[in-house]
Amino acid sequence: SESLHSSAAIHACLQEGLRAAGLPEDAIQLVPTRDRAMVAAMLGAVRHIDVIVPRGGKGLVGLVQSEARVPVFAHLEG
């Protein structure tokens with residue numbers, strides 16, 4: 001999947017913006033994994049994660065819809 005590459009590029013841009021604004025760049029983190037068990041664990045980590053921006057296909061969308069306990073930015077597919 002190419003989403004990991006584009007996610008890394010988006011993450012780098014967001015961190016650059018945080019640095020330029022004098023904010024901690026670690027406020028936004030990328031978890032570079034395609035492991036659905038890890039994604040499911042993150043979707044339930046309400047005490048540790050403020051929001052998740054999932055990027056992926058139909059299978060990921062279904063997982064997010066059924067498992068999310070933390071706020072997420074949802075999309076239809078892709």
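Q: Why is the pairing of Glu-25 with Arg-19 called a salt bridge?
A: In this predicted model, the closest N and O atoms of Glu-25 and Arg-19 are 3.0 Å apart. A salt bridge is defined as a side-chain nitrogen of Lys or Arg within 4 Å of a carboxyl oxygen of Asp or Glu, so the pair of Glu-25 and Arg-19 qualifies, its closest N and O atoms being 3.0 Å apart. By this rule the count comes to one salt bridge.

The model is predicted, so local features need pLDDT of at least 70 and side-chain atom pairs count only at pLDDT 80 or more, while totals for chains, interfaces and linings use all residues. Residues are numbered from 1 along each chain as its sequence is written, and side-chain values use heavy atoms, with hydrogens and water left out.

Q: What makes Glu-25 count as partly exposed, and His-11 as buried?
A: Buried means under 20% relative accessible area, exposed means over 50%, and partly exposed lies in between (1.4 Å probe, protein chains only). Glu-25 has a relative accessible area of 29%, and therefore counts as partly exposed. His-11 has a relative accessible area of 16%, and is therefore buried.

Q: Which residues does His-11 touch, not counting residues up to four places away in sequence?
A: His-11, which has its place in helix α1 (residues 3–20), touches Ile-28, Gln-29 and Leu-30 when residues up to four places away in sequence are not counted. Contact here means heavy atoms within 4.5 Å, and a helix is a DSSP run (H or I, at least four residues), numbered from the N terminus.

Q: How do you know that the buried residues of α2 are on the same side of the helix?
A: In helix α2 (residues 36–43), Val-39, Met-42 and Leu-43 are buried. They cover an arc of only 100° around the axis, which puts them on the same side of α2; the arc is that of the directions from the helix axis to the C-beta atoms. These buried residues of α2 pack against α3 (58–67).

Q: What makes up the largest nonpolar core?
A: A nonpolar core is a set of buried Ala, Val, Leu, Ile, Met, Phe, Trp, Tyr and Cys residues joined through side-chain atoms within 4.5 Å. The largest such core has eight residues in all, namely Val-39, Met-42, Leu-43, Ile-52, Leu-60, Leu-63, Val-64 and Val-70. The elements that give two or more residues to this core are α2 and α3.
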